[in-house]
Amino acid sequence: MVKLSPSILSANLMRLEDELKKVEDLSDSIHVDVMDGLFVPNISFGMPLVKLLRENTTLPIDVHLMIVDPDRYVKTFVELGANSVWVHVEACTHLHRSVENIKKLGVQAFVCLNPATPLSSLEEILPYVDGVLLMTVNPGFGGQRFIPTMMEKIRKLRRMVSERELDIRIAVDGGIGESNAKEVAKAGADLLIMGSGVFNADNPRETLKRLRLLFHRE
Ligand code: DX5
Ligand code: ZN
């Protein structure tokens, strides 16, 4: 079953409560992009927002850490209510240790790959993770275009996971919306993260409803 996760990076933060209400019952989780201005060129938000979200929704909160040395903050985000923590292979010197630390805290561990990072970097870590996130844009900003060659990368990862008979999710993040969601899912993704594709749509709620229907029929 394909899961849908709106990214609040593209939501109107002044009206976050209303934005959340629009999508809550149609979403499987809420995606929070934490950026430090070092690992990625942008600075977004951090702990206070995760705390507020936890107080205001029962949806699982996925915290995508686009920060240098993410191990420093994993425990804090879990204590604030994150249900899964996502770290980049490019940001972790001891990736296995990072993943084990996340799991020890009782939440799911996802590892993320930038577009130019090859799937071979997952070789040794794959059996330990709950999911893999393939970035389909260069991380840092919402509203960018899906990089077309990432479609084949999704297919390859799906094959890799099937061949090893692993039970892990394949998430994709960046440039996903109504126009390509189906193709991305067909390539093998089963968790679609969407920022501008949902929150910048004319009607976020109707957009999500249509997406839900799209995958329900299959
Ligand atoms: C980008 C973030 C994404 C972002 C996606 O660095 O990781 O989660 O919100 O935005 P869209 O869906 O607009 O490409
Ligand atoms: Zn993200």
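Helix 3 is followed by G81, whose phi is positive, near 125°. Helices (H or I, at least four residues) and strands (E, at least two) are DSSP runs, numbered from the N terminus. The model is predicted: local features need pLDDT of at least 70, side-chain atom pairs count only at pLDDT 80 or more, and totals for chains, interfaces and linings use all residues. Residues are numbered from 1 along each chain as its sequence is written, chains are lettered from A and ligands numbered from 1 in the order in which they are written, and side-chain values use heavy atoms, with hydrogens and water left out.

Helix 3 spans residues 71–80, and its buried residues are V74, F77, V78 and L80. Buried means under 20% relative accessible area, exposed over 50%, and partly exposed in between (1.4 Å probe, protein chains only). Seen down the helix axis, these residues fall within an arc of 155°, so they line one face of helix 3. The arc is that of the directions from the helix axis to the C-beta atoms. An α-helix has 3.6 residues a turn, so residues three or four places apart point the same way. The cover over the buried residues of helix 3 includes strand 2, helix 2 (47–56), strand 3 (61–66), strand 4 and helix 4.

Helix 4 (residues 95–104) holds S98. S98 is buried, with a relative accessible area of 3%. Neighbours within four places in sequence aside, S98 is in contact (heavy atoms within 4.5 Å) with D71 and C92.

D33 lies in strand 2 (residues 30–35) and D173 in strand 7 (residues 169–173), so the pair ties together parts 140 residues apart in sequence. D33 is buried, at 4% relative accessible area. D173 is buried, at 9%.

A search of the whole structure finds one aromatic pair. W86 and F110 form this pair, which is stacked, at 4.1 Å centre to centre and 10° between the planes. Rings of Phe, Tyr and Trp (its six-membered ring) pair if their centres lie within 6.5 Å; planes under 30 degrees apart count as stacked, over 60 as edge-to-face and the rest as tilted. The pair links distant parts of the chain, with W86 in strand 4 (residues 84–88) and F110 in strand 5 (residues 108–113), 24 residues apart. Both W86 and F110 are buried.
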